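Subject: Structure handover and findings

Dear colleague,

Please find below the structure that I would like to hand over to you. My notes on what was found in it follow directly after.

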Amino acid sequence: TKALTNASLIISSLTNAAVVSTTPIQIGAFAIGETKTINTSIQVQSDTYNGRSIPLHFQMNGHNVFFPSNSYSVVAGTPSSTDPTGPCSYGYFAYDSTDQGYPQAPVYNWIEIDPLLGGQAEIFPVKDDGSRIVNLPFQFRYFGIDYDQITICSNGWLSFGPTDMFDFYNHYIPAALGPYAMVAGYWDDLKGERTGTDGDGNGIYDDMRVLYWHDQANNRYIVQWSDAYNQYNVDSEDPSLEKFQIILYPRAGQDGDIVIQYHTVDNPGITTNYCTVGIENHLQLDGLTYTHGNQYPITSALLQNNLAIKFTTTPPDTYVANSDAQITPQFLLNQNYPNPFNPSTTISFHSPVAGQVQLVISNLRGQVVRTLLNGDVASGDHSLVWNGKDDNGNSVSSGIYFYKLQVAGQTLTRKMLMMK
């Protein structure tokens with residue numbers, strides 16, 4: 001709503017995987033409704049993996065005008081099916097056995113645990129739609145939470161912790177349907193093989209063999225689905241056999257690795273009648289989908305016989321971004337309290353280092369109405385009270401306001417509501 005003069009833009013990289021010049025880009029006059037084009041260069045480190053997100057921070061500056069900062073991401077390299085998938089917000093990646101350029105990639109090595117074929121597993125026989133709770137022989141950390149039980153479902157999934165669910169209707173993950181803390185090895189409607197027809201014309205089906213075994217010598221827990229057929233064509237002359245296993249590898253003091261192996265996989269369907277493969281957390285708000293509805297990320301390989309997929313928090317390179325869990329220390333700007341407020345509110349922040357700090361308040365037009373702080377602070381937690389007045393001592397009107405913290409080259413912004 002206001003033309004700008006002497007406008008400038010600072011672009012900074014939020015990851016050490018890339019370098020961007022932080023010299024301000026001079027834009028000059030900026031009329032209302034005008035579009036500006038700028039050019040800048042991003043130098044990506046040579047050992048950054050293809051597909052890494054490069055988060056950038058944009059800060060526009062102008063004479064006595066405040067702009068909320070913005071973020072934007074670009075992708076490094078040209079990712080393909082031989083690169084890892086992910087990460088999710090928590091930090092899980094998915095490597096498959098075609099990602100041979102990465103040391104984290106799994107090697108397909110089927111571990112037969114069925115006693116009929118020389119294995120030592122316990123058997124969970126089930127014709128259709130069943131689940132069983134079993135105790136793990138070790139603690140397994142998954143999305144930061146330690147578990148000692150899993151629920152195994154005949155429909156191609158396991159979940160951490162006990163549940164009586166046996167959901168067969170698969171969908172994308174993460175989503176607020178199905179069990180919490182799920183690992184979907186081949187989530188679909190599975191049942192035993194059809195062996196005949198009863199007197200009423202209904203199908204007669206054999207049991208699936210769902211198996212589980214603690215391989216103590218190799219410190220891993222294996223869950224296997226055998227004699228499992230896809231409901232989509234189970235009554236046909238050529239039903240689809242799906243034989244696969246999920247293997248849990250605990251890691252001391254960190255999230256465990258999860259490997260899914262496909263001995264025999266068909267994945268039949270039309271439109272959405274395909275399986276789901278992936279992981280999600282206990283809140284069903286974060287996770288990583290490898291495939292759903294026969295749709296794949298560009299970095300995923302197609303499901304096929306003798307494929308292995310590993311979900312792990314081990315990243316493909318050593319670089320970090322401001323959203324990565326490894327970044328410390330953190331500058332924090334908390335939500336003001338109370339909010340909404342009248343006439344005053346408290347704004348608090350945390351600075352892990354001592355230094356120059358600026359905290360300003362602006363209106364929706366980007367005009368600075370109050371500078372609460374512009375000076376040095378010690379490291380630690382700090383709180384300031386805004387009494388709802390501008391720099392001239394006048395009470396401001398009701399409405400939305402932004403408060404911006406600038407410290408050590410970083411900018412954090414939140415909004416608040418004044419109600420009279």
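Leaving aside neighbours within four places in sequence, L307 is in contact with D96, S97, T98, Y108, I260, Q261, Y262, Y290, A301 and L302, where contact means heavy atoms within 4.5 Å. L307 belongs to strand β23, which covers residues 307–312. Strands here are DSSP runs (E, at least two residues), as helices are (H or I, at least four residues), and they are numbered from the N terminus. L307 counts as buried because its relative accessibility is 1%; buried means under 20% relative accessible area, exposed means over 50%, and partly exposed lies in between (1.4 Å probe, protein chains only). The C-alpha atoms of L307 and Y169 are separated by 24 Å, and these residues are 138 residues apart along the chain.

Before you read further, please note that this is a predicted model, in which local features need pLDDT of at least 70 and side-chain atom pairs count only at pLDDT 80 or more, while totals for chains, interfaces and linings use all residues. Residues are numbered from 1 along each chain as its sequence is written, and side-chain values use heavy atoms, with hydrogens and water left out.

**Strands and sheets**

In what order do the strands of the open sheet of 6 strands run? The order is β9-β10-β11-β12-β21-β22, and the pairing is antiparallel; two strands pair if DSSP finds at least two bridges between them. The edge strands, each pairing on one side only, are β9 (131–142) and β22 (287–292). On average, neighbouring strands of this sheet are turned by 15° against each other, direction ignored. For such angles, axes are lines fitted to C-alpha atoms (for helices over the stretch in contact), and the angles run from 0 to 180 degrees between N-to-C directions.

Within this sheet, β10 (residues 145–153) and β11 (residues 157–160) pair in the antiparallel sense over 4 bridges. Opposite T151 stands S159 in β11.

Is R220 buried or exposed? R220 is buried, because its relative accessible area is 14%. This residue is placed in strand β17 (residues 220–226).

**Salt bridges**

How many salt bridges does the structure hold? There are 11 salt bridges, each being a side-chain nitrogen of Lys or Arg within 4 Å of a carboxyl oxygen of Asp or Glu.

One of them joins E112 and K243, with the closest N and O atoms 3.0 Å apart. E112 lies in the loop between β7 (93–96) and β8 (122–126) and K243 in strand β19 (residues 243–251), so this pair ties together parts that are 131 residues apart in sequence. E112 is partly exposed, at 22% relative accessible area, whereas K243 is buried, at 10%.

Another salt bridge is formed by the side chains of D114 and R209 (2.7 Å, N to O). D114 lies in the loop between β7 and β8 and R209 in strand β16 (residues 208–215), so parts 95 residues apart in sequence are tied together. Both D114 and R209 are buried.

**Aromatic rings**

The count comes to 16 aromatic pairs. Rings of Phe, Tyr and Trp (its six-membered ring) pair if their centres lie within 6.5 Å; planes under 30 degrees apart count as stacked, over 60 as edge-to-face and the rest as tilted. Ring pairs link Y90, Y92, F140, Y142, F143, Y147 and F160 into a cluster. Both Y142 and F143 are buried.

Yours sincerely
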